[in-house]
Amino acid sequence: MFGTSIHWTTFFYLLIDTVIVLYSLYVSLKKTHSSLKRFIYLGFSFIAYNITGGFLPVDNFPGPIIIQYIITYSIAIFLCLYIIHYLYKEYDIAVLKYGLTLRKVILTTSSGFILLFISPYFFSGSLNISRYLFAIPISLFAFIFLLIFYRSVSKLSNSNTFILRRNKLSMISLACIALLPIFTIIGDYQWITFTSMNIAFYAITIIEIDRYLYFLKNNTRMFEIFALKKKQRDDFVKRKIIYEDLTRREIEISLSILSELNYKNIAKELFIAESTVSKHASNIFKKTGVKNRSEFLKRFLNKQK
């Protein structure tokens with residue numbers, strides 16, 4: 001397409017991703033405090049992935065062809081790692097089972113790329129050998145990670161449909177990036193590889209839209225809290241005490257507290273540690289000007305009834 005190696009499907013995904021990112025930027029700029037920054041970074045990463053993976057390699061690129069593959073593979077790896085980072089933050093994950101911290105995942109993947117792809121190429125001069133040496137063990141690692149993540153966030157007893165939808169969409173996103181090494185082994189079929197990867201982005205996009213609709217649905221329950229926060233900003237601005245907006249996670253936990261769930265049940269519902277819930281709750285109480293959970297419920301729950 002356009003005299004380059006880019007497939008029409010890749011170009012189509014590039015256009016869709018650009019529209020999504022531009023709209024997210026527009027929404028973000030309209031708000032004083034935006035929670036879309038991480039999503040926008042993710043969108044730009046997908047745009048970079050579609051451009052480099054779609055247009056490279058080209059014949060007139062300066063230097064050896066391996067440089068172009070290092071660029072495209074590096075951006076693809078960065079994108080996969082950023083998706084994992086995104087989901088770690090989404091679920092407040094510090095350490096998964098078997099000590100799978102985000103740092104260890106990044107180090108394992110990055111060192112694997114250097115040792116199993118770049119180094120073998122310089123010794124063998126074969127792109128196919130390097131591709132197989134890297135893709136096979138990384139694919140195995142990706143599916144093991146996928147299984148561990150699935151076991152960590154999937155609990156059928158959870159009755160919160162919003163959380164259940166988020167879990168399914170998160171698993172779709174991770175499954176798509178786990179398939180990337182396999183598609184790399186199969187060959188350079190852009191319509192397969194880029195369709196799978198962009199589905200990962202659209203799954204996360206749906207998570208963000210679903211979250212917005214969930215908050216909108218519970219808007220009346222949060223109105224008094226935000227109204228008080230605005231009043232606090234107005235009252236205390238002379239003393240330079242400014243309360244920040246609640247984060248998305250804090251809003252979720254606020255809604256759970258207003259549903260009169262205890263911290264243990266909130267932790268189960270959101271698939272996070274009880275200590276994490278307690279930490280977020282402390283921040284919520286501080287930002288809304290109350291001392292504890294009881295005072296929070298007394299102030300806001302009664303106004304909802």
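Axes here are lines fitted to C-alpha atoms, for helices over the stretch in contact, and the angles between their N-to-C directions run from 0 to 180 degrees. Helices are DSSP runs (H or I, at least four residues) numbered from the N terminus. The model is a predicted one, where local features need pLDDT of at least 70 and side-chain atom pairs count only at pLDDT 80 or more, while totals for chains, interfaces and linings use all residues. Residues are numbered from 1 along each chain as its sequence is written, and side-chain values use heavy atoms, with hydrogens and water left out.

Take the pair α1 and α7 to begin with. Helix α1 (residues 8-30) and helix α7 (residues 190-217) have axes that come within 9 Å and cross at roughly 15°. The two are therefore roughly parallel to each other, a label given to angles under 35 degrees. The crossing of α1 past α7 is left-handed, meaning that the near helix is turned anticlockwise from the far one by less than a right angle. On the α1 side, T9, T10, Y13, I16, D17 and I20 take part; they meet Q190, W191, F194, T195, N198, F201, Y202 and T205 of α7, with contact meaning heavy atoms within 4.5 Å.

Now for the charged pairs. Side chains of opposite charge can pair when their charged atoms come close. Searching the whole structure turns up ten salt bridges, each a side-chain nitrogen of Lys or Arg within 4 Å of a carboxyl oxygen of Asp or Glu. One of them joins D210 and R165 (2.9 Å, N to O). D210 sits in helix α7 and R165 in helix α6 (residues 161-186), 45 residues apart. D210 is buried at 13% relative accessibility, whereas R165 is partly exposed with a relative accessible area of 36%; buried means under 20%, exposed over 50%, and partly exposed in between (1.4 Å probe, protein chains only).

E252 belongs to helix α9 (residues 248-258), and 86 residues separate the two partners. Both ends are tucked away: R166 is buried at 1% relative accessibility, and E252 is buried at 2%.

Helix α9 has a further link, this one to helix α11 (residues 274-288): E250 lies in α9 and K287 in α11, so the pair ties together parts that are 37 residues apart in sequence. The closest N and O atoms of this E250–K287 salt bridge are 2.8 Å apart, and both residues are buried.

Methods: Parallel < 35°, antiparallel > 145°, perpendicular 65-115°, else oblique.
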